[in-house]
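Hi there,

Here is the structure I promised to pass on. Have a look at it first, and my notes follow below.

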Amino acid sequence: MRAVDIIIKKRQKGELSREEIKFFVDGFTHGDIPDYQVSAWAMAVLLNGMTPRETTDLTLAMAHSGEILDLSGVVDIAMDKHSSGGVGDKTTLVVLPIVVACGLPVGKMSGRGLGFSGGTLDKLESIPGYRVNLTTDEFKQQLKRDGIVLTGQSLDLAPADGKLYALRDVTGTVQSIPLIASSIMCKKIAAGAQAIVLDVKVGNGAFMETLAEAHCLANLMKDIGKLAGREVVTLISDMNQPLGEAVGNSLEVVEAIDTLHNRGPADFREHCLRVSATMLVLGKRASHLDAGRHMAESAIASGAAFEKFRILVHSQGGDVAFVDDPGKFPQANYIKVIKARRSGYLSQVNARLVGEAAVTLGAGRARKDDLVDHAVGFIIQRKVGARVEEEDILFTIHANDSAKLAEALEAIRPAFAWSDQPVEVIPLFYN
Ligand code: URA
């Protein structure tokens, strides 16, 4: 078999066999197939697609490119959740402590930010000392002891995805439904998940921009789960505007802590309750969604969920003083309140433009090796549907550099659109 023939076959819209897919995945995992051939193949897949059978074979080949974690003996049901990525999405920081407080242990491996879309690891690293590089043994020990783990993807799990993902990021091949589905599912399978809640984001701040694409991705991941013997429940949620108010790493951690104290923004809290309830039902801790929601609300109200977050931070070496007193997080040099220049109803707060403006401030990376500035970002006080009067606060910008502040302000302005007529609030979920 030759890599070039497999690339040509896909370029000509052919259907690759299981053997061809395995040959290709093994080849690039071991460095026998060079990056330029992998990139050409990824572009052919992006342009010509893959059948569900090819996508499943790709997923399993990538999952088996490294170790497969076995969590039997550690937890009764290996539960996981995954969001397909968005702006202001700090859900994991709240949902994990909630469900763990409700008796459902979860060990999760999360990722870094990608382009305009934030990443849980970058957010967690704003807590001084927090370790995101646990070994597999540390992962298992902590999961057994505390019931909660939140760390980075181990290098031993699905190494093929690590390599392919880095190439896709710089070759314009992220936005392919089969490549996204296989990338997400191979990591879940390799991490030993038996039951998975997938939060597929849709909108201008997500990889899937239309509902049809989001349904297609959700159904494909469900099919892959079925073929791999895993239980998968999918939610489809809005990402046309940022989730909650905070966008930027430590700002989002503070909002997550507020939410665990029963104070966070209403939309974000509601989103977390729905995801938590879905996990509690799938994990057999609640008999139906209303019961799961009630359990989740009680875990917040009693302080049990916040206590689990403290335990998580402490176990992973983070300074709990920051969790107890979020005022300790370093503030940006410039904190500027931006007021509305007119009255009206907000008809758009474009999540992608907000995410890109946050990257301009330094909250994300323009290049792979860039360092993230944890203190910068936005608090978006007004969302779609709000009635705003001239001079009302619209948003607050946190910047460490005056030139970047000016650039980010230019970039975020077009995110806001107005109407003179009342505008409907955007739904949180579409299923
Ligand atoms: N998240 C992933 O893990 N992979 C993708 O391809 C896109 C989002």
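Which residues are around the ligand? In this predicted model, they are Ser-84, Tyr-165, Arg-168, Ile-180, Ser-183, Ile-184 and Lys-187. Sorted by class, that shell holds three nonpolar, two polar and two charged residues. Helices H8 (159-169) and H9 (177-190) each contribute at least two of the shell residues, and H9 gives the largest share, with four.

Some polar side-chain atoms come within a few Å of the ligand. For Lys-187, a side-chain N or O atom is 2.5 Å from an oxygen atom of the ligand. Arg-168 places a polar side-chain atom 2.9 Å from a ligand oxygen, while Ser-183 has one 2.7 Å from a ligand nitrogen. The ligand on its own would expose 240 Å², and the protein buries 92% of that.

The search of the whole structure turned up zero disulfides. Cys-272 is in no disulfide either, with the nearest cysteine sulfur, in Cys-102, 13 Å away.

H12 covers residues 266-282, and its 17 residues reach 24 Å from first C-alpha to last, close to the expected 24 Å. Just after H12, Lys-284 adopts a positive phi of about 60°.

Best wishes

How values were computed:
Residues numbered from 1 in each chain as written. Predicted model: local features only at pLDDT ≥ 70, side-chain atom pairs only at ≥ 80, totals over all residues. Heavy atoms only, no water. Disulfide = S-S within 2.5 Å. Expected span 1.5 Å × (residues − 1). Near = heavy atom within 4 Å. Polar contact = N/O pair within 3.5 Å; in protein donor to acceptor, adjacent residues only side chain to side chain. Areas by Shrake-Rupley, 256 points an atom, 1.4 Å probe, with all protein chains shown as cover. Nonpolar A, V, L, I, M, F, W, Y, C, P; charged D, E, K, R; others polar.
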